[in-house]
Amino acid sequence: MNLATLSGANTSAGQNGLVADKVTVTYRNGHTALFDVDFAIPKGTITALVGVNGSGKSTLFKAIMGFVPLARGSVSILGEPAGRALKRNVVAYVPQSEEVDWNFPVLVEDVVMMGRYGHMNFLRIASRQDRRLVDAALERVGMGAFRRRQIGELSGGQKKRVFLARALAQEGDVILLDEPFTGVDVTTEATIVTLLKELRDEGRVMLVSTHNLGSVPEFCDRAILINRTVLAAGPTEKVFTRANLEAAFGGVLRHFVLGGADLHDDADTRQVTVITDDERPFVLYGEKGEDGAPSRPTALDAEPDAEGESAGRAES
Ligand SMILES: Nc1ncnc2c1ncn2[C@@H]1O[C@H](COP(=O)(O)OP(=O)(O)OP(=O)(O)O)[C@@H](O)[C@H]1O
């Protein structure tokens, strides 16, 4: 995807958030990447989009953005058909890094200014207000000092921040983030999470795809588990359960249970369950183990070397 195709926006208010109704996407090669995807996300919330590689997360973002056509179904945004909302530039999209052509010769401040294109006429002459919003967005993500750098010269985490700044400059009420935490360090992750929480408090709608299962309960009010269709959707505490995650990830998930003598020197049967798809494990503590609960870490469907590796992650 070329940087220039990722244009910018406008503010708008609506009573509803993001609604998908039987969304089905079939690529030109005949592969149906999504079928009958249904969900409804209210305003003022952050929703995690979670699923294995190839489960259709990016396809869903592209379908919402109108980059791929729907074979069936519809999307409504802030109470109006997606096409109309997209024309009003109320949706800001932060794509996966791999989707962007980083050789496109453009300065950081120009990337952020793209977020303002939807507010300009065809001559694209930036107003004082446009420049002010670009400055504010760059400062808010801590990238003010990098504004005159070529985007391709930045680190992965810095690029993510710049794209977030572009979404901020756009002033979109709906923000779609495709794997914003991939390849970023803990400081950048914390910066992004803080920012998303602020945006939620401002009443925006955010859909965030991530493989960092552990961070989902920390900042996402809701979650959608997906594997070509929606497996579970709703408040995180209801959706982010061991059974649902196992259904969503099947054999791909690394899953360990610590209990018995490894954890307690008394008869306490509570266990620590570590579920991980990627870098940040999802840790459950306090589930009662059955009699004879595993006393050693148990790797279900894990790779041969995964036990030590993931047990180490769980400790960190
Ligand atoms: N342009 C395309 N043409 C045909 N098939 C595609 C195209 N893009 C994606 N697919 C297929 O659609 C499915 C969903 O891909 P998608 O990129 O949406 O998955 P994802 O959940 O975002 O994966 P990841 O976690 O790896 O980013 C995959 O099977 C993929 O091979």
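**A buried loop residue and the strands**

Guide: Asn89 counts as buried because it has 21 C-beta neighbours inside 10 Å. A residue is buried if 20 or more other C-beta atoms, placed from the backbone, lie within 10 Å of its own, exposed if 12 or fewer, and partly exposed in between. This is a predicted model, in which local features need pLDDT of at least 70 and side-chain atom pairs count only at pLDDT 80 or more, while totals for chains, interfaces and linings use all residues. Residues are numbered from 1 along each chain as its sequence is written.

Asn89 sits in the loop between helix H2 (82–87) and E6. Helices (H or I, at least four residues) and strands (E, at least two) are DSSP runs, numbered from the N terminus. The phi of Asn89 is positive, near 60 degrees, and the residue is not a glycine. Most residues other than glycine have a negative phi. Leu78 also has a positive phi, near 50 degrees. Its place is the loop between E4 and E5. Leu78 has 22 C-beta neighbours inside 10 Å, so it counts as buried.

E6 pairs with strand E7 (residues 174–178) in the parallel sense, over four bridges. Two strands pair if DSSP finds at least two bridges between them. Within this pair, Ala92 stands opposite Ile175 in E7.

E4 and E5 belong to an open, antiparallel sheet of four strands in the order E2-E1-E4-E5. Its edge strands are E2 (32–41) and E5 (80–81), each of which pairs on one side only. Strand E1 (residues 18–26) is joined to E2 by six bridges in the antiparallel sense. Ala20, for instance, has Phe39 in E2 as its bridge partner. Helix H1 (residues 57–65) lies across E1, E2 and strand E4 (72–77) and runs at about 70 degrees to E2. That angle is taken between N-to-C directions, on a scale from 0 to 180 degrees, with axes fitted to C-alpha atoms, for helices over the stretch in contact. Two residues are in contact if their C-beta atoms, placed from the backbone, lie within 7 Å.

In strand E9 (residues 222–226), five of the five residues are buried, so E9 is largely enclosed by the rest of the structure. Arg222, Ile224 and Ile226 cover one side and Ala223 and Leu225 the other. E9 has a parallel pairing with strand E3 (residues 45–50), over four bridges. In that pairing, Leu225 of E9 is the bridge partner of Val50. With strand E10 (residues 230–235), E9 pairs in the antiparallel sense over five bridges. Here Ile226 has Val230 in E10 as its bridge partner. E9 and E10 form a hairpin with three residues between them, and Arg228 in the turn has a positive phi of about 70 degrees.
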